[in-house]
Amino acid sequence: MRRPLKFVLLLMVLLVAALPAMAQTATPTASAVSASPEIIEVGATVEGSLSAASPTASYTLDAEAGQVVTIRLSSEDFDTYLTLTDADGDILAENDDFDGRNSAIQTFELPSSAAYTIVVDSYSNRNGSSSPSGDYTLSVTATQIERIEYSQTVEA
């Protein structure tokens, strides 16, 4: 009676020891796999597509503190929705209709040197009504701001 008990205990110890190795070799499901965001630089324009399978797209923007940018998202196929988040995922700015169905975040001063995320979305997907498909154009440009002091006069 003691030998079967020792055998069962030994088998349990071996099984418990093997579980971490088995978990590392497991193939993740499709829902567990996430695509990493593409990189976009200031001064760049990219084109892409949204679909029912990929209703949003994300881009990483590495920027310096105090840098002022304008981000534009346009599409002839769907009503665009644009979001800018910080490294923690907090929304810094968002826009639905800047120019008709196109979106823009104008002259936004980035608060710190960090990687920001730009999320390309559609208005209807954002509100949960549908996931339209179509092409889009996203651009990030540097914006120069001339600061003036209170009571200063500027002539141009």
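Strands β2 and β9 (residues 134-142) pair in the antiparallel sense over six bridges. Strands (E, at least two residues) and helices (H or I, at least four) are DSSP runs, numbered from the N terminus, and two strands pair if DSSP finds at least two bridges between them. The model is predicted, so local features need pLDDT of at least 70 and side-chain atom pairs count only at pLDDT 80 or more, while totals for chains, interfaces and linings use all residues. Residues are numbered from 1 along each chain as its sequence is written, and side-chain values use heavy atoms, with hydrogens and water left out.

**Exercise 1. Work out the order of the strands in the open sheet of four strands.**

Step 1: Start from the pair above and find a bridge in it: L50 has G134 in β9 as its partner.

Step 2: Move on to β4, which is joined to β9 by six bridges and runs antiparallel to it. Here S74 is partnered by T137 in β9.

Step 3: Look at β4 (residues 68-74) again: five bridges join it to β7, also antiparallel. V69, for example, stands opposite F108 in β7.

Step 4: The order is β2-β9-β4-β7, with antiparallel pairing. The edge strands, each pairing on one side only, are β2 (45-50) and β7 (103-109).

**Exercise 2. Name the edge strands of the open sheet of five strands.**

Step 1: Write down the order, β1-β3-β8-β5-β6, and note that the pairing is mixed.

Step 2: β5 and β8 run antiparallel and share six bridges; Y81 has D121 as its bridge partner in β8.

Step 3: Read off the ends. β1 (38-39) and β6 each pair on one side only, which makes them the edge strands.

**Exercise 3. Decide whether Y59 is buried or exposed, and list what Y59 touches.**

Step 1: Locate Y59 in strand β3 (residues 57-63).

Step 2: Apply the cut-offs: buried means under 20% relative accessible area, exposed over 50%, and partly exposed in between (1.4 Å probe, protein chains only). Y59 counts as buried because its relative accessibility is 2%.

Step 3: Collect the contacts (heavy atoms within 4.5 Å). Leaving out residues up to four places away in sequence, Y59 touches P37, E38, I40, V46, Y116, T117, I118, V120, Y136 and L138.

Step 4: A general rule to keep in mind: nonpolar side chains in soluble globular proteins tend to be buried together.

**Exercise 4. Find which side chains meet in a salt bridge.**

Step 1: Recall the rule: a side-chain nitrogen of Lys or Arg lies within 4 Å of a carboxyl oxygen of Asp or Glu. By this rule the count is one.

Step 2: Identify the partners. They are R126 and E94, at 2.9 Å from N to O.

Step 3: See what the pair links. R126 sits in helix α2 (residues 123-126) and E94 in strand β6 (residues 91-95), 32 residues apart.

Step 4: Check the accessibility. R126, at 36%, is partly exposed, and E94, at 38%, is partly exposed.
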